Amino acid sequence: MTVDRILPTDEAYDLLDLTRELADRELAGKADEHEQHGVFPRETLRTLGRSGLLGLPYPEADGGAGQPYEVYLQVLEVLAGRWLAIAEAVSVHTLACYPVYAHGTERQRKMLPDMLGGDLLGAYALSEPQGGSDAAALQTRATHDGAGWVVNGTKAWITHAGHADYYNIFCRTGGPGATGISCLLVDAGTPGLVPQKPERTMGLRSSAPAQLVLENMHVDADRLVGVEGGGFRIAMEALDAGRLGIASCAVGLAQAAVDYAVAYAAEREQFGRPIGTFQGVGFMLADMATQVSAARALTLAAARLKDAGRPFSIEAAKAKLFATDVAMRVTTDAVQVLGGYGYVSDHPVERWFREAKVLQIVEGTNQIQRVVISRSLI
Ligand SMILES: Cc1cc2nc3c(=O)[nH]c(=O)nc-3n(C[C@H](O)[C@H](O)[C@H](O)COP(=O)(O)OP(=O)(O)OC[C@H]3O[C@@H](n4cnc5c(N)ncnc54)[C@H](O)[C@@H]3O)c2cc1C
């Protein structure tokens, strides 16, 4: 189904057309193969970078495309409908550009054109093996040496580990809790930075996360992003916007599942008629379509607050929670609409169902989103 979108500018309509065309040409035909064999799509990401899709919401003066967040998110949605791993990679890369963009020194900001143009792929390393939800308890330790820092510890679940050109490493430079954490900008290839084998994941196999072992890794003093002890704040600011990216990935995935299930239900016949004409199936499709529209509306409403410079983090948490739960329900129902054929990999709904699950976990589990929302209420 073509989604009827209201976009703020003519340029945005052109951008969405370009994205659809690029997604059909570059993504749709490659997703299955890459997911099956776990091949990281670095070349495809370069193509997206050359098309300007890796720095969309950042100012043109820094090398971005100067698009409102609501436009960037709708681009992500289109990408997610063709290949979730690519949309998630764009979302994570956009997140990984934030610390330098918002808090970087003049010298660090010189990297922005290459980051936003997609020549340099970024990663965001906050989680650790002993904890992701309680990120303020992280244990990776950076100690001062004469010319900077020596870092030891292990980061877990890092998207783009082993493929990224730079890493935002959140580590403890002070005492316990959030105020003891700093952000270091570390180039891939820095001695002591050792990406491990990719995890064997349920979905997103072309872009599986991996641990990063940090062994006596020396980082120059000028690689501190923002102020010492300010890293946790930077991490949370980045996640506020990042959660909207995950919400849009969920909307795009769920929309693809609705479209596929509707087309199947119109074709597949039982008892001499298309299954979509049975009320039991038709009502399921109606509920699926309604939930996706609601998830899109909630996500774009939060984005419009961000674009207007208003507080948006609670609305972003609601959007992430709602949209990713919708993606899980809708992809589950899409499998049901296809019956036995939904359970085999000949149809993409089987993969979409596996992929939807991770969206309820990353960038703060949906329980953590509820913690954030309930704290704001009480
Ligand atoms: C595919 C993938 C990609 C990822 N990419 C990245 C990345 O690029 N960078 C990065 O830093 N991290 C990344 N992560 C890590 C992700 O952010 C964490 O997995 C997530 O934050 C949860 O942390 P955890 O796995 O340690 O679970 P835990 O924190 O141990 O949580 C386990 C369970 O307890 C629940 N729980 C915990 N605390 C509470 C509470 N206070 N109230 C209620 N319930 C609670 C959780 O919701 C969850 O259900 C990725 C993870 C995956 C699976």
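Predicted model: local features only at pLDDT ≥ 70, side-chain atom pairs only at ≥ 80, totals over all residues.
**Chatting about the ligand site**

Biologist: Which residue has a side-chain N or O atom 2.6 Å from an oxygen atom of the ligand?
Modeller: Let's look at the residues around the ligand: there are 18, and the closest include Ser-127, Ser-133 and Trp-157. The side chain that puts an N or O atom 2.6 Å from a ligand oxygen belongs to Ser-133.

Biologist: And which ligand atom is 2.8 Å from a polar backbone atom of Trp-157?
Modeller: Trp-157 is also among the closest residues. Its polar backbone atom pairs up with a ligand atom at 2.8 Å, and that one is a nitrogen.

Biologist: How much of the ligand's accessible area does the protein cover?
Modeller: On its own, the ligand has 980 Å² of accessible area. The space it takes is the largest pocket. Of that accessible area, the protein covers 65%.

Biologist: Which element gives the most to the shell around the ligand?
Modeller: Two elements give two or more residues each: strand 3 (148-158) and helix 12 (366-377). The top contributor gives three residues, and that's helix 12.

Biologist: How many charged residues does the shell have?
Modeller: The shell draws at least three residues from each of domain 2 (122-231) and domain 3 (233-377). Sorted by class, ten are nonpolar and seven are polar. The charged count is one.

Methods. Residues numbered from 1 in each chain as written. Heavy atoms only, no water. Near = heavy atom within 4 Å. Polar contact = N/O pair within 3.5 Å; in protein donor to acceptor, adjacent residues only side chain to side chain. Areas by Shrake-Rupley, 256 points an atom, 1.4 Å probe, with all protein chains shown as cover. 1 Å grid on protein atoms, 1.4 Å probe; cavity = no way out; pocket = protein on both sides within 12 Å on 5 of 7 lines; lining within 4 Å. Sits in = over half its atoms within 2 Å of the grid points. Helix = DSSP H or I, 4+ residues; strand = E, 2+ residues; numbered from the N terminus. Nonpolar A, V, L, I, M, F, W, Y, C, P; charged D, E, K, R; others polar. Domains from an automatic or database assignment.
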